[in-house]
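Please find below my notes on the model you sent. They are set out as numbered points.

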Amino acid sequence: MKKGISAVTVTLAAFALLLAGCGGDSSTGSASAAPSQHYTATLAALNDSGVTGTADFTLTGSQLVINVKLNGATAKQGHAQHIHGTTGKQASCPTIAAVTKEGVVSLESGGPFYGPVALGLQPATASASGAVTFTNTMTLKADEKAKISPLNQHVYVIHGVMNKGKYDGLLPAACGAISTAK
Ligand SMILES: [Cu+2]
């Protein structure tokens with residue numbers, strides 16, 4: 001009796017694996033039908049965050065694969081990440097002209113450079129050493145894809161820096177102009 005049950009369990013597990021395999025195959029197949037476009041952004045620190053790194057994007061049809069690798073982020077904090085910009089306008093990263101009289105590039109003062117949020121990405125949590133290794137795949141709705149198109153007119157922004165001894169999750173920590181890559 002005990003043997004019988006374990007045999008059924010093994011059979012079910014094998015069936016589940018088979019199903020998972022089939023699902024993986026079919027999604028890979030449909031994704032490869034559309035050409036992939038690669039984009040990359042080299043990040044520059046804002047607000048003396050010390051953040052350096054890259055954000056890479058691969059757009060295949062409605063599928064957006066995001067890979068962010070950076071160092072210098074406020075450790076063990078959640079960092080909001082966005083693609084900023086507006087269709088028909090070239091977004092850019094804030095310059096020294098965006099520094100307010102309080103001495104920071106604020107969410108608002110950066111606005112004329114990077115524009116509004118075009119697409120919100122999942123927040124990334126920095127490790128104890130301030131590293132962020134973030135990978136995610138999003139399936140974009142038609143209006144979401146339209147908002148980030150073309151991607152090379154947009155910028156990537158990650159938020160959250162220490163300001164006057166306190167973590168401020170809104171202040172931009174780094175920005176990178178997104179350009180086409182091979
Ligand atoms: Cu943002």
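**Notes on the fold, the core and the confidence**

1. In this predicted model, eight strands make up an open sheet with antiparallel pairing, and their order is β5-β4-β7-β8-β1-β2-β3-β6. The edges are β5 and β6, each of which pairs on one side only. On average, neighbouring strands of the sheet are turned by 20 degrees against each other, direction ignored.

2. Within the sheet, β1 and β2 run antiparallel and are joined by eight bridges. Thr42 stands opposite Thr54 of β2.

3. The largest nonpolar core has 39 residues. Those touching the most other members are Phe57, Val155, Tyr156, Ala174, Cys175 and Ile178. At least two core residues come from each of β1 (36–45), β2 (52–60), β3 (63–71), α2 (111–114), β5 (117–125), β6 (132–139), β7 (155–163) and β8 (166–181). In soluble globular proteins, nonpolar side chains tend to be buried together.

4. Which residues does Cys175 touch, leaving aside those up to four places away in sequence? They are Leu43, Ala44, Leu46, Cys93, Pro94, Tyr114, Val155, Tyr156 and Val157. Val155 and Tyr156 are, like Cys175, among the core residues that touch the most other members.

5. On confidence, the protein has a mean pLDDT of 87, and 82% of its residues reach 70 or more. Residues 1–31 have pLDDT below 50, and this stretch has three contacts in the model beyond near neighbours in sequence. Where pLDDT is low, the predicted coordinates should not be read in detail.

Notes. Residues numbered from 1 in each chain as written. Predicted model: local features only at pLDDT ≥ 70, side-chain atom pairs only at ≥ 80, totals over all residues. pLDDT = per-residue confidence, 0-100. Contact = placed C-beta atoms within 7 Å. Core = buried A, V, L, I, M, F, W, Y, C linked by C-beta atoms within 7 Å. Buried ≥ 20, exposed ≤ 12 C-beta atoms within 10 Å, placed from the backbone. Helix = DSSP H or I, 4+ residues; strand = E, 2+ residues; numbered from the N terminus. Pairing = 2+ DSSP bridges. Axes fitted to C-alpha atoms, helices over the stretch in contact; angles between N-to-C directions.
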